[in-house]
Amino acid sequence: MPIYYGNSADVELRIRACLDDFSGVEKFNIAAAGRDYCVPVTRLRARIKGRSSRHDRPGANQRLTKVQDDTLKLYIRRCDDLGMPCLMPQLTGAAQFLIDRDHPDGRAAPLGKEWLTRWIERHPECRRIKQKPQDINRTAMATFEAYSQHFTRLKKV
């Protein structure tokens, strides 16, 4: 009859406890330690050899690395700080640019049609927020003439 070890999160906690207890020991009986801590021996052996658990590994088929992911989040934050939120095509283009830079040929396969939707689902902190409309007078004053006039007056001071 097969042995039931419990859910994977509990098993991983027991494996970490086992590894902590045997951290100073150079050689120990892995099978006996697995029985004592009620964990699968093969999984314990894999953790000893350095393989990470499925909880700790990144998801399969992720197009962006962790660094690229953080860079895309910074791009979103910067656009929001400038008062010009990035649109969906801009985000997809920025992500494609990041992937292309790391690709050996300089041209990676294009992102899928629903890639951005899935990326936003994985990153709830980057949700869509309706921006407040800018004051019409402020927008009307943002012309080249207004800026040049301001800086010529500033030079005189």
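Leaving aside its neighbours within four places in sequence, which residues is Gln 68 in contact with? Select Gln 68 to begin; contact here means heavy atoms within 4.5 Å. The partners, with those neighbours within four places set aside, are Arg 63, Leu 98, Ile 99 and Asp 102.

Some ground rules for the tour. This is a predicted model, in which local features need pLDDT of at least 70 and side-chain atom pairs count only at pLDDT 80 or more, while totals for chains, interfaces and linings use all residues. Residues are numbered from 1 along each chain as its sequence is written, and side-chain values use heavy atoms, with hydrogens and water left out.

**Stop 1: Gln 68**

Gln 68 lies in helix H4. Helices are DSSP runs (H or I, at least four residues), numbered from the N terminus. With a relative accessible area of 7%, Gln 68 is buried. Buried means under 20% relative accessible area, exposed means over 50%, and partly exposed is in between (1.4 Å probe, protein chains only).

**Stop 2: helix H6**

Select residues 115-122, which form helix H6. Colour Trp 115, Leu 116, Trp 119 and Ile 120, the buried residues of this helix. Looking down the axis of H6, you will find these buried residues within an arc of 130°, so they line one face of the helix. The arc is that of the directions from the helix axis to the C-beta atoms. The buried residues of H6 pack against helix H4 (66-81) and helix H5 (88-102).

**Stop 3: H5 against H6**

Now show H5 together with H6. Their axes are 10 Å apart and the helices pack at an angle of about 90°. Axes are lines fitted to C-alpha atoms, for helices over the stretch in contact, and angles run from 0 to 180 degrees between N-to-C directions. H5 is therefore roughly perpendicular to H6, a term for angles of 65 to 115 degrees. On the H5 side, select Met 88, Leu 91, Thr 92 and Ala 95; they meet Trp 115, Leu 116 and Ile 120 in H6. By class, this contact has six nonpolar, one polar and no charged residues. Ala, Val, Leu, Ile, Met, Phe, Trp, Tyr, Cys and Pro count as nonpolar, Asp, Glu, Lys and Arg as charged, and the others, Gly among them, as polar.

**Stop 4: two loop residues**

Go to Arg 107, in the loop between H5 and H6. Arg 107 counts as exposed, at 59% relative accessibility. From C-alpha to C-alpha, Arg 107 and Gln 96 are 9.0 Å apart in space, and they are eleven residues apart in sequence.

Next select Leu 82, in the loop between H4 and H5. Leu 82 also counts as exposed, here at 57% relative accessibility. Draw a C-alpha to C-alpha distance from Leu 82 to Gly 50: it spans 44 Å, for residues 32 apart in sequence.

**Stop 5: Cys 38**

Move to the loop between helix H2 (30-37) and H3, where Cys 38 lies. Most residues other than glycine have a negative phi. Cys 38 has a positive phi of about 55°, although it is not a glycine. At 36% relative accessibility, Cys 38 counts as partly exposed.

**Stop 6: H1 and H3**

Finally, select helix H1 (residues 8-21) and helix H3 (residues 41-48), which pack at an angle of about 55° with their axes 11 Å apart. The contact is made by Ser 8, Val 11, Glu 12, Ile 15, Cys 18 and Leu 19 of H1 and by Arg 43, Leu 44, Arg 47 and Ile 48 of H3. These residues divide into six nonpolar, one polar and three charged.

Definitions and conventions. Parallel < 35°, antiparallel > 145°, perpendicular 65-115°, else oblique.
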